[in-house]
Amino acid sequence: MATLKDIAQKAGVSLATVSRVLNYDASLSVADETKKRIFQIAQDMNYKTLRNRKDPQQVKDRLQFGLVYWYSDQQEMADPYYMAVRNGVERECQERNIDLVKLFKNGNTIDPSRLSELDGIIAVGKYSQTEIDAFEKAARQLVLVDYSPSDDYDSVVVDFRKAMTEVLDYLMSLGHEKIGYIGGKEYVLEEEPIRDERETTFREYLSLKGLHNPAYIWTDGNFTSESGYTLMKEALKKEDVPTAFFIASDSMAIGAIRALHEEGVGIPERVSIVGFNDIATSKFLQPSLTTVKVYTEFMGESAVELLLDQIQSKRELAKKVVVPVHLVKRESCSEVNS
């Protein structure tokens, strides 16, 4: 059976650090990457806390939730959106004295045996119907986060339509009529494309305003800074460059801003930029990034509350929590220069 010492040796940290990380010591100052490495090693080594080594009948009063995660560690570091959701789930479970089992997808699969004996599952990300059926079969109580394929499931989602209309109204109020979109594509099982409400609303709303131009849309990305950089480089090759861009994640916006700087395109003098997420580094960019604040940690907390409500109320109708957003106006946007 793995011990704290075994984990510490493999992680290259002290025994005390491992103990404090696994016990969610909020006062511990350790890099998120180190924490993730410790949790992953503990999971790989099948480490069990002292509580989990006891007879299950002695701990049956304590709930155990599963957090199923569709991003890999590497993807999470490149786009911290889902990391913040996970942090909210973890903190809420800790405060409510709920055990949390974290399960990252291995390729396109999750070991079904690891889903057994869970009181409920929180699935963060996008999943196929086959996967969702497997989650329900394993735990019966299920909450989807950032995805709502139908009204049959409890879910926590962002109000993307409100976000996009607020962004576009703001840019149009500054006089922008040539507005571009830089985003990415997500897939279920790497095959089935997922509808992005941001892109859909962007197209529909600008069409209503008579401002939609399909040539101003670049979506062959994956929500990382590298994709933002590449797609902005492509956009700048055109003779007709939009005067403003909505960029579907702050990570992408960081890459796009670098591309603009390299090409000598002034922000916001020549091009205004709006991001999405309001990650911690957004306000420290040059110029600081106007962006849509998404309350990602609140999404995680709400998922735990929904799961508890399912268990306690035994209701049959599903609930959907639509989390509001807020446009944070900073230095990366200005009026169109005539």
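Buried means under 20% relative accessible area, exposed over 50% and partly exposed in between, with a 1.4 Å probe and protein chains only. That wording will come up throughout these legends. This is a predicted model, in which local features need pLDDT of at least 70 and side-chain atom pairs count only at pLDDT 80 or more, while totals for chains, interfaces and linings use all residues. Residues are numbered from 1 along each chain as its sequence is written, and side-chain values use heavy atoms, with hydrogens and water left out.

**Figure 1. The whole chain.** Let's start with an overview. The chain holds 11 helices and 14 strands; helices (H or I, at least four residues) and strands (E, at least two) are DSSP runs, numbered from the N terminus. Of the 338 residues, 51% are buried. Taking contacts between residues at least 6 apart in sequence, 70% join residues at least 24 apart, where contact means heavy atoms within 4.5 Å.

**Figure 2. V156 in strand β5.** Here we zoom in on V156, a residue of strand β5. V156 counts as buried because its relative accessibility is 0%. Beyond its neighbours within four places in sequence, V156 is in contact with V143, L144, V145, D146, Y147, M299, S302, A303, L306, V321 and V323. One of these contacts, V143, lies 13 residues away along the chain, and the C-alpha atoms of V143 and V156 are separated by 7.6 Å.

**Figure 3. Strand β5 and its two partners.** In a regular strand the side chains alternate between the two faces of the sheet. In β5, D154, V156 and V158 are on one side, S155 and V157 are on the other, and all are buried. That is five of the five residues of β5. Two strands pair if DSSP finds at least two bridges between them. Strand β4 (residues 142-145) runs parallel to β5, joined by three bridges, with L144 opposite S155. β13 also pairs with β5 in the parallel sense, over four bridges, and here V156 stands opposite V321.

**Figure 4. A six-stranded open sheet.** The strands follow the order β9-β6-β10-β11-β12-β14, and their pairing is mixed. At the edges are β9 (217-218) and β14 (325-328), each pairing on one side only. Further in, β10 (residues 244-247) and β11 pair in the parallel sense over three bridges, and F245 stands opposite I273 of β11.

Figure 5. β12 (residues 290-294) is largely enclosed by the rest of the structure, because four of its five residues are buried. Four bridges join β12 to β11 in a parallel run, where K293 of β12 stands opposite N277. Four bridges also join β12 to β14, and these two strands run antiparallel. In that pairing, V294 has V325 of β14 as its bridge partner.

**Figure 6. The nonpolar cores.** In soluble globular proteins, nonpolar side chains tend to be buried together. A nonpolar core is a set of buried Ala, Val, Leu, Ile, Met, Phe, Trp, Tyr and Cys residues joined through side-chain atoms within 4.5 Å. The largest has 71 residues, of which I122, M232, F245, I247 and I273 touch the most other members. Helix α7 gives the most to this core, with seven residues.

Figure 7. The elements giving two or more residues to the lining are α5 (81-95), β5 (154-158), α7 (160-173), α8 (197-208), β11 (272-277) and β13 (320-323). The lining divides into 14 nonpolar, five polar and 14 charged residues; Ala, Val, Leu, Ile, Met, Phe, Trp, Tyr, Cys and Pro count as nonpolar, Asp, Glu, Lys and Arg as charged, and the others, Gly among them, as polar.

**Figure 8. Helix α8 and T200.** With five residues, α8 provides the largest share of the lining of the second largest pocket. T200 is found in this helix and counts as buried because its relative accessibility is 15%. Aside from neighbours within four places in sequence, T200 is in contact with R161 and R195.
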